[in-house]
Amino acid sequence: MTALPPPSKRKLGLVIDLDTCVGCHACAVSCKEWNAGGFAAPLTDEQPYGKEPSGVWFNRVHSYEVAATDAQPAMTLHFPRSCLHCEQPACVTVCPTGASYKRAEDGIVLVDEDKCIGCKLCSWACPYGAREYSEVEGVMKKCTLCIDRIYNQNLDERERQPACVQACPSRARHFGDLADPDSAVSKLVAERGGVDLMPELGYRPTNKYLPPRPRRAGQDAAAADEPLDTAALPPVLRWLDRVLSR
C-alpha cells in the first residue's frame, strides 16, 4: 500500500462559500474544459448526445431543497463537490501500486495514470465520491487543483489559480494556502466558521466549506416601510439609485 509523506508546510486547497454559490455549474464546465487538454487529459465522454450520457467530471454540483424551520424559510442549497485533498487520504493508503499519491511540497493529491490499474480501491475508500473512473482508459482520475495552471510561469500571476475559481461568477470559490494562518483563505475560514466535510472520519480534508448565513423568515412591516436613506449609501449605489429612479 502507498505511504503518506510527512505533513507539508503548504496546504493548497479551496474554500467554497455555500452562501454565495448559485449552482450555475460554471466551475464544473470550466474544469472540464481546462483539464480536457491538461495534466489529467483526456476527460472522456461516452454517448454525450445519447439517452444515457456519462463521462468524467472533476467538479459536480448538487442542489438540495432545505425545508423551512422556525428560524429561517425554505431555501435551495447548492453544494459543489470535488476532491478535498485530505491530509490523511484513505484513497492514497489503499492504493496497491502507488498510483495515488500525495505531494510532500503542497499537499495536493494526484494520480499517476501510468501506474494505475483501475482496481477502483481508491474510489471505494473515498467517502466524498471524488474519484472518477474512466471506462475508456481504464484508470482513475480526479481533481488536480489545476496543478499545470497554478505553477505555470507563462501565465499572469492573477491567472495562476484553478479554472473553477477563475470562472466562478459569484466568487463562491477561493484558492490559497490553508497552512498559512495569514493567507486570505485562512482568514476567511476563521471569520466565517469554515468547516470540514464529515470530520468524524478523521481524513482531515484541506478544502473547507463556509456555511450559508441564516435567512430571515419574515420582515417586520414597519421596517419594510422605513424610507431608504440614500445619503448614507456608497457613491456607486447613490448613482445607481438616481439612474433607476428616473
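This report describes the packing, ring contacts and backbone features of a predicted model.

**Nonpolar cores**

The largest nonpolar core has 28 residues, and those with the most contacts inside it are Leu14, Leu18, Phe58, Ile108, Leu145 and Tyr209. At least two residues of this core are supplied by each of strand S1 (12-17), helix H1 (26-35), strand S5 (75-81), helix H4 (147-150) and helix H5 (163-167). Of these elements, S1 gives the largest share, which is 3 residues. Apart from this core lies another, of 10 residues, which includes Cys95, Val111, Cys116 and Cys122.

Tyr209 deserves a description of its own. Leaving aside residues up to four places away in sequence, Tyr209 touches Ile16, Leu18, Phe79, Pro80, Arg81, Leu84, Gly194, Val195 and Leu197. With a relative accessible area of 3%, Tyr209 falls under the 20% limit and is therefore buried.

**Ring contacts**

What is the count of aromatic pairs in the model? The count comes to 1 aromatic pair, and the partners are Phe79 and Tyr209, whose ring centres are 4.8 Å apart and whose planes meet at 15°, so the pair is stacked. Because Phe79 lies in strand S5 and Tyr209 in strand S11 (residues 208-210), the pair ties together parts that are 130 residues apart in sequence. Phe79 is itself buried, with a relative accessible area of 15%.

Two charged side chains also lie over the faces of tryptophan rings. Lys32 lies over the face of Trp57, at 4.7 Å from the ring centre, while Arg149 takes such a place over the face of Trp34, at 4.6 Å from the ring centre.

**Helix H1**

Lys32 returns in the account of helix H1, where Cys27, Ala28, Ser30, Cys31, Lys32 and Asn35 are buried. The buried residues of H1 pack against S2, strand S4 (60-66), H5 and strand S10 (173-177). As background to such a pattern, an α-helix has 3.6 residues a turn, so residues three or four places apart point the same way.

**Backbone features in loops**

A cis peptide bond joins Ala41 and Pro42, with omega at about -5°, and Pro42 has its place in the loop between H1 and strand S2 (45-46).

Positive phi values occur at Lys120 and at Met198, neither of which is a glycine. Lys120 belongs to the loop between strand S7 (109-111) and helix H3 (121-125), whereas Met198 is found in the loop between helix H6 (184-192) and S11. The table sets out their phi values beside their accessibility.

| Residue | Phi | Relative accessible area |
|---|---|---|
| Lys120 | Lys120: about 70° | Lys120: 28%, partly exposed |
| Met198 | Met198: near 55° | Met198: 31%, partly exposed |

Why is Lys120 called partly exposed rather than buried or exposed? Its relative accessible area of 28% lies between the limits of 20% and 50%, and therefore Lys120 is partly exposed.

**The segment after helix H8**

Ser245 lies in the segment after helix H8 (235-244). With a relative accessible area of 53%, Ser245 passes the limit of 50% and so is exposed. The C-alpha atoms of Ser245 and Pro214 are separated by 31 Å, and these residues are 31 residues apart along the chain.

Terms used: Residues numbered from 1 in each chain as written. Predicted model: local features only at pLDDT ≥ 70, side-chain atom pairs only at ≥ 80, totals over all residues. Heavy atoms only, no water. Core = buried A, V, L, I, M, F, W, Y, C linked by side-chain atoms within 4.5 Å. Buried < 20%, exposed > 50% of the residue type's maximum accessible area, 1.4 Å probe, protein only. Helix = DSSP H or I, 4+ residues; strand = E, 2+ residues; numbered from the N terminus. Contact = heavy atoms within 4.5 Å. Phe/Tyr/Trp six-rings, centres within 6.5 Å; stacked < 30°, edge-to-face > 60°. Lys NZ or Arg CZ within 6 Å of the ring centre and 35° of its normal.
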